[in-house]
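Visitor: I am new to this structure. Please pick one part and take me through it closely, step by step.

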Amino acid sequence: MNFTFRYHSYTRRIILILTLLATSAGTIIYAATDHYQAYIDRYAEIAVAEQRAHGIPASITLAQGLLESAAGRSSLATKGNNHFGIKCHSTWRGDTLLRNDDAANECFRVYSSAAESYADHSRFLLGKRYRPLFDFDITDYTSWAHGLKRCGYATDPNYASRLIAIIERYNLYLYDSAEGRRHTEDIADMIHNVLRSSHKVKKSRGLHYVVAFPGDTYATIAKEFGLNVKKLLAINDVTKDSEIKAWQEVYLVEKLDVPPEGIKSATIGDDESIHSIAQRFGMRLKTILELNPKAKDRPGTRLKLQ
């Protein structure tokens, strides 16, 4: 398939979305008010440069940066230019910051700039632990996302699903090929003003869920799937409708009373809560509270999950 055909196909698709927007006001969030799109605009060129130098898909780099740094607004990013949540490990000799993550007061690397963080992220993935990733095609972002999880980049059981949701939400796969990058340059204005509004249903441990986009509420997701709002709120241990934390799981069926296999406990990370842990592991909030009757709902608290 040649580029001209694909270009017109992409253009027709975007024009169709714009037309649908005219008849479905409010279903699509504009990039002008989206911190995530602003982050992409700022760092896409660096991600592409790292791909050319090291063979790591730009879509994966951008999605990880968006997720790990909350689009550049996390304390690690703002205070330490750490966009990928890379911990100190024994080899780091630079400045450090302490933050709550898998345990309380863990050591994270500090960089002089975001560009240095991006470069170190590439060096990190070039290590022996992540060597299997480079067997995947550079445009196969799905395999890269699942591979990162298997190699242990994050303890979050739904880490791959979050990355894939971000990539598909913002069409980041276009940055993985020269043809796609030409496309983003030719119709940048349209791409920056149109975002996908539909959510792909994921499945983990028999639980069906979707990953929330920036600006989503339980009411908008309930409407999309034809669900009762009160029922959806109850399933997700929420008492009233509100904006959902970006990239958090929203379950469509009742959660479980047990954690994923091999998970016995978890620490509340910075910007997290007991509810965040319940969503991350697909557990009922009531169950976690019963297991931890005296636990304080604040970062650094270790919670028993079984």
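**A close look at one strand and its surroundings**

Guide: Start with strand β4, residues 207-211. Of its 5 residues, 4 are buried, so the strand is largely enclosed by the rest of the structure. Keep in mind that this is a predicted model.

Now look to either side of the strand. β4 belongs to an open sheet of 3 strands. The order is β3-β4-β5, and the pairing is antiparallel. β3 and β5 stand at the edges. Each has a single partner strand, so one side of each is left without a neighbour in the sheet. On average, neighbouring strands of this sheet are turned by 45 degrees against each other, with direction ignored. A helix joins in here. α7 packs on the sheet and touches β3, β4 and β5. The direction of α7 makes about 40 degrees with that of β4.

Take the β3 side next. Strand β3 covers residues 202-204. β3 and β4 pair in the antiparallel sense over 3 bridges. Find lysine 203: opposite this residue, in β4, stands histidine 208.

Strand β5 covers residues 249-251. β5 also pairs with β4 in the antiparallel sense, over 3 bridges. Here valine 211 has glutamate 249 in β5 as its bridge partner.

Next come the aromatic rings. The count comes to 15 aromatic pairs. One of them joins tyrosine 170 and tryptophan 247. This pair is edge-to-face, with 6.2 Å centre to centre and 70 degrees between the planes. The pair links distant parts of the chain, 77 residues apart. Tyrosine 170 lies in the loop between α7 (159-169) and α8 (178-186). Tryptophan 247 lies in the loop between α11 (229-235) and β5. Are these two residues buried or exposed? Both tyrosine 170 and tryptophan 247 are buried.

Tryptophan 247 has another ring partner, phenylalanine 213. Their pair is edge-to-face as well, at 6.1 Å centre to centre and 65 degrees between the planes. Phenylalanine 213 sits in the loop between β4 and α10 (218-225), and tryptophan 247 in the loop between α11 and β5, so the pair ties together parts that are 34 residues apart in sequence. Why does phenylalanine 213 count as buried? Its relative accessibility is 6%, and buried means under 20%. Tryptophan 247, at 1% relative accessibility, counts as buried too.

These rings belong together. Ring pairs link Tyr36, Tyr170, Phe213 and Trp247 into a cluster. A charge comes into the picture at tyrosine 170. The charged end of arginine 169 sits over the ring of tyrosine 170, 5.9 Å from its centre.

Finally, step back to the whole chain. Its secondary structure comes to 13 helices and 7 strands. Of the 306 residues in the chain, 48% are buried. Consider contacts between residues at least 6 apart in sequence: 63% of them join residues at least 24 apart. The chain exposes about 15,000 Å², and carbon and sulfur atoms supply 52% of that area.

Notes
Residues are numbered from 1 along each chain as its sequence is written. This is a predicted model: local features need pLDDT of at least 70, side-chain atom pairs count only at pLDDT 80 or more; totals for chains, interfaces and linings use all residues. Side-chain values use heavy atoms; hydrogens and water are left out. Helices (H or I, at least four residues) and strands (E, at least two) are DSSP runs, numbered from the N terminus. Buried means under 20% relative accessible area, exposed over 50%, partly exposed in between (1.4 Å probe, protein chains only). Contact means heavy atoms within 4.5 Å. Accessible areas come from the Shrake-Rupley method with a 1.4 Å probe; for residues, only the protein chains shown count as cover. Two strands pair if DSSP finds at least two bridges between them. Rings of Phe, Tyr and Trp (its six-membered ring) pair if their centres lie within 6.5 Å; planes under 30 degrees apart count as stacked, over 60 as edge-to-face and the rest as tilted. A charge sits over a ring if NZ of Lys or CZ of Arg is within 6 Å of the ring centre and within 35 degrees of the ring normal. Axes are lines fitted to C-alpha atoms, for helices over the stretch in contact, and angles run from 0 to 180 degrees between N-to-C directions.
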